[in-house]
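Open your viewer and get ready to select a few things one after another. Each stop below tells you what to pick and what you will find there.

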Amino acid sequence: MSLVFRGFFMLLCTTQFCTRMTVKKKDIRALTKDQLRDFFVSQGDKAFRGNQVYEWLWQKAAHSFDDMTNISKQTRQMLEDNFVINHIKVDSMQRSKDGTVKNAVRLHDGLIVESVLIPTKTRTTACVSSQVGCSLDCKFCATASLKQMRNLNPDEIYDQVVAIDKESKLYHNRPLSNIVFMGMGEPLMNYNNVIKAIDKITSPEGLGMSPKRITVSTSGVPKMIKKMADDAVKFHLAVSLHSAIDTVRTSIMPFNTTFPLKDLKEALEYWYAKTNRMVSYEYIIWKGINDSQKDIDALVAFCKQVPCKVNIIEYNPIDDGEFQQASGEVLNNYIYALERNRIIVNVRRSRGKDIDAACGQLANKS
Ligand code: SAH
């Protein structure tokens with residue numbers, strides 16, 4: 001009796017398992033080109049069909065199998081029966097008076113991330129997200145308020161770039177020229193997927209963009225900075241520094257307790273030794289937080305360790321006034337001290353503030 005029961009139970013489990021298997025189709029873009037070619041061969045078709053479909057999926061960024069017009073209807077149906085294309089959907093788009101465009105992007109599981117198109121006279125830059133929400137809790141960043149978090153897949157990162165490239169052509173008559181990973185999330189905590197996305201973005205089988213036009217910005221995960229150096233990546237590295245004094249940095253970026261400045265410094269030295277490429281530091285100056293001469297001296301000393309440039313960025317208020325941009329006088333003191341020490345410094349104005357699209361303002365408000 002118990003055996004019969006067990007048999008019935010097993011049958012039930014197997015049936016449920018099978019049902020789930022048929023319902024949950026595989027994301028076709030998780031397959032490599034070789035896997036796709038093998039799949040077609042296993043279906044009695046030519047491996048070459050895999051190349052054609054791969055081209056539709058990446059270079060032509062097809063949203064559905066029906067878009068694949070040089071593939072027979074029967075084959076498209078077979079693909080439909082086996083796979084899904086988990087394409088992102090631009091749910092809403094806001095345009096700033098300065099030309100900045102912000103996309104609220106819906107993922108296949110209903111979660112939302114944001115990405116931004118930033119036009120200037122000479123370039124159009126896509127600012128893309130790497131995670132849903134962020135785990136880092138930087139006190140001055142709106143994204144930190146979003147608790148829900150998962151990593152974005154390579155195709156979800158890639159699709160954000162494709163969507164912005166289309167908007168760039170539509171609104172500014174030119175393709176996208178640069179990409180910065182400065183949207184939601186910490187790219188180095190989703191390293192593998194970010195690297196896979198960049199591979200597709202830079203590959204001639206994808207968007208064919210130069211890695212020199214891509215910047216990955218991190219709060220500073222030492223182990224992963226070293227890994228990037230070992231992997232000999234070709235894109236730029238930016239570090240959100242904001243203070244070169246541990247106690248100050250920890251108070252605004254609690255993650256500095258785990259990864260203190262001495263570890264960051266060591267990782268950056270390793271990066272430079274291996275890649276011979278300078279690092280950019282992002283730095284915001286706040287009233288009462290990092291506006292003293294001691295803060296300035298610490299930054300100058302930190303900058304002397306590894307060849308670098310400093311981008312001073314405007315603070316975009318996100319809260320009730322706990323953080324306030326320091327005065328122009330303090331800004332000038334910083335610039336003076338850095339330049340006197342032959343450290344390159346740029347001051348970056350914010351874009352898209354009126355639509356909450358500026359740095360640190362991405363919080364799915366729309
Ligand atoms: N986690 C990554 C990338 C996302 S943040 C990183 O920390 O670099 C992108 C940039 O926006 C970072 O330099 C970050 O410090 C900055 N930022 C965050 N909140 C901001 C705000 N309210 N105003 C201006 N810049 C902000």
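Start by giving two parts of the protein chain their own colours: residues 25-84 as domain 1 and residues 89-355 as domain 2. Keep in mind that you are looking at a predicted model. Where the domains meet, 8 residues of domain 1 and 9 residues of domain 2 take part in the contact.

**Stop 1: the surface between the domains**

Now zoom in on that meeting place. About 840 Å² of area is buried between domain 1 and domain 2, and carbon and sulfur atoms give 45% of it.

**Stop 2: charges and polar partners**

In total, 3 salt bridges are counted between domain 1 and domain 2. Colour the side of domain 1 that touches domain 2 by residue class, and you get 3 nonpolar, 2 polar and 3 charged residues. Across this interface there are also 5 residue pairs in polar contact.

**Stop 3: the ligand and its surroundings**

How many residues surround the ligand? There are 22, and the closest are F140, S217, S219, S240 and H242. By class, this shell divides into 10 nonpolar, 9 polar and 3 charged residues.

**Stop 4: contacts to the ligand's oxygen atoms**

Show the side chain of S217, where an N or O atom is 2.6 Å from an oxygen atom of the ligand. Then try S240, whose side chain also has an N or O atom 2.6 Å from a ligand oxygen. For T218, look at the backbone instead: an N or O atom there lies 3.4 Å from an oxygen atom of the ligand.

Technical notes:
Residues numbered from 1 in each chain as written. Predicted model: local features only at pLDDT ≥ 70, side-chain atom pairs only at ≥ 80, totals over all residues. Heavy atoms only, no water. Near = heavy atom within 4 Å. Polar contact = N/O pair within 3.5 Å; in protein donor to acceptor, adjacent residues only side chain to side chain. Nonpolar A, V, L, I, M, F, W, Y, C, P; charged D, E, K, R; others polar. Domains from an automatic or database assignment. Contact = heavy atoms within 4.5 Å. Buried area = accessible area lost by both parts, 1.4 Å probe. Salt bridge = Lys/Arg side-chain N within 4 Å of Asp/Glu carboxyl O.
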